[in-house]
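Trainee: I have a structure to go through with you. Can we take it by question and answer?

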Amino acid sequence: MSILALTVIIRLCQYVNKKKDQTRGSILMKTQIVASIATLPLALAGVFLAPQSAGAADFGTSWDGSGYSLQELLDGITTDGPGVDTVNDQTGYEWFTSTATGNSTASFMFEIAGYAPDNIFGIYNAAGTKIQLFGGANDEGDSSYFTFLADGSVSVSTIPFAPGASVPTTSPSYNFYTDFGNEFGFYLTNGGGQTFYTQNALNNGGYQQAVVYEGDDATTMALPGKAPGLFTDNEFIIAFEDLWVGGHTDRDYNDLVVMVESIAPASVPEPATLFGLGAVAVGLVASRRSQKNS
Ligand SMILES: [Ca+2]
Ligand SMILES: [Ca+2]
Ligand SMILES: [Ca+2]
């Protein structure tokens, strides 16, 4: 960005000097040069203004209409305390481990997206093994309990509560996975078959597809269907953009939003070579597919 801006400035100066030596040149062209020079301070300001911290998501205007930005959604369930600042409170965390002595819990918060009936959310390990926590049919109010067992296996039970309902709308699902370990990131597979990861390096182009917020031990939230509770520092909000950020998308990061508790950030592993290459290849193919409005 800054190199590009400087290049533009240098070119403009060269162009102006060249124009000075020319006797011909339309008034219109001179007007354009003046206009361009007038914008130089703005361009320079752009060069020197500090951007958001590295890895921070650049929110766009949601295609969902007013009232559905991630900020508005989180403000709407905040009942006490400072709340979450969706721009400035981004943690940049990409990789986690469980801190639960029992279960870790994922609570489905929002899915404001055209792909809402199809999007899949879960955890993946360094080898690329995926464990689904929520399927397309899951929605606001649902819960998923995942337990890391001593032998490296993981059990998952997902319960489809309707918001405010005390009993599941259908029978809970139960699944068991071996050889997973207890370090993981989060993924979303959208209705078009594209998969995005909390690890930016695994996303085609390195784009940030998820924003992550950590509890501040001061904000109280009432999740859909749940009683209000303190947003504690072992709780994290994982908010995905379900369209590739390098393509046609709104970057609203409200497409699938989950709160996960009893986890902690962990050092990001080097992607396993095969998994890394595989993810890049899949990303390249996926990026060429048509994008769905979301
Ligand atoms: Ca959306
Ligand atoms: Ca859904
Ligand atoms: Ca979106």
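Trainee: Is Glu111 buried or exposed?
Mentor: This is a predicted model, so the values are computed from it. The cut-off for buried is under 20% relative accessible area. Glu111 has 14% relative accessibility, so it counts as buried.

Trainee: Which residues are the protein donors of the calcium ion (ligand 2)?
Mentor: The donors lie 2.3 to 2.6 Å from the ion. Their spacing along the chain is E-x4-A-x19-G-x1-N.

Trainee: How many residues apart are Glu111 and Asn138?
Mentor: Glu111 sits in the loop between strand 3 (104-110) and strand 4 (120-124). Asn138 sits in the loop between strand 5 (130-134) and strand 6 (143-148). The pair links distant parts of the chain, 27 residues apart.

Trainee: Is Asn138 buried or exposed?
Mentor: Buried means under 20%. Asn138 has a relative accessible area of 12%, so it is buried.

Trainee: Which strands are the edge strands of the open sheet?
Mentor: Seven strands form the sheet, in the order 8-7-6-3-15-14-11, with antiparallel pairing. The twist averages 20 degrees from one strand to the next. An edge strand here pairs on one side only. That gives strand 8 (173-177) and strand 11 (210-214).

Trainee: What is the bridge partner of Ser155 in strand 8?
Mentor: Strand 7 (residues 154-159) pairs with strand 8 in the antiparallel sense, over five bridges. In strand 8, the partner of Ser155 is Phe176.

Technical notes: Residues are numbered from 1 along each chain as its sequence is written. Chains are lettered from A and ligands numbered from 1 in the order in which they are written. This is a predicted model: local features need pLDDT of at least 70, side-chain atom pairs count only at pLDDT 80 or more; totals for chains, interfaces and linings use all residues. Side-chain values use heavy atoms; hydrogens and water are left out. Donors are N, O and S atoms within 2.8 Å of the metal (3.2 Å for Na, K and Ca); water is not among the atoms, so sites may look incomplete. Helices (H or I, at least four residues) and strands (E, at least two) are DSSP runs, numbered from the N terminus. Buried means under 20% relative accessible area, exposed over 50%, partly exposed in between (1.4 Å probe, protein chains only). Two strands pair if DSSP finds at least two bridges between them. Axes are lines fitted to C-alpha atoms, for helices over the stretch in contact, and angles run from 0 to 180 degrees between N-to-C directions.
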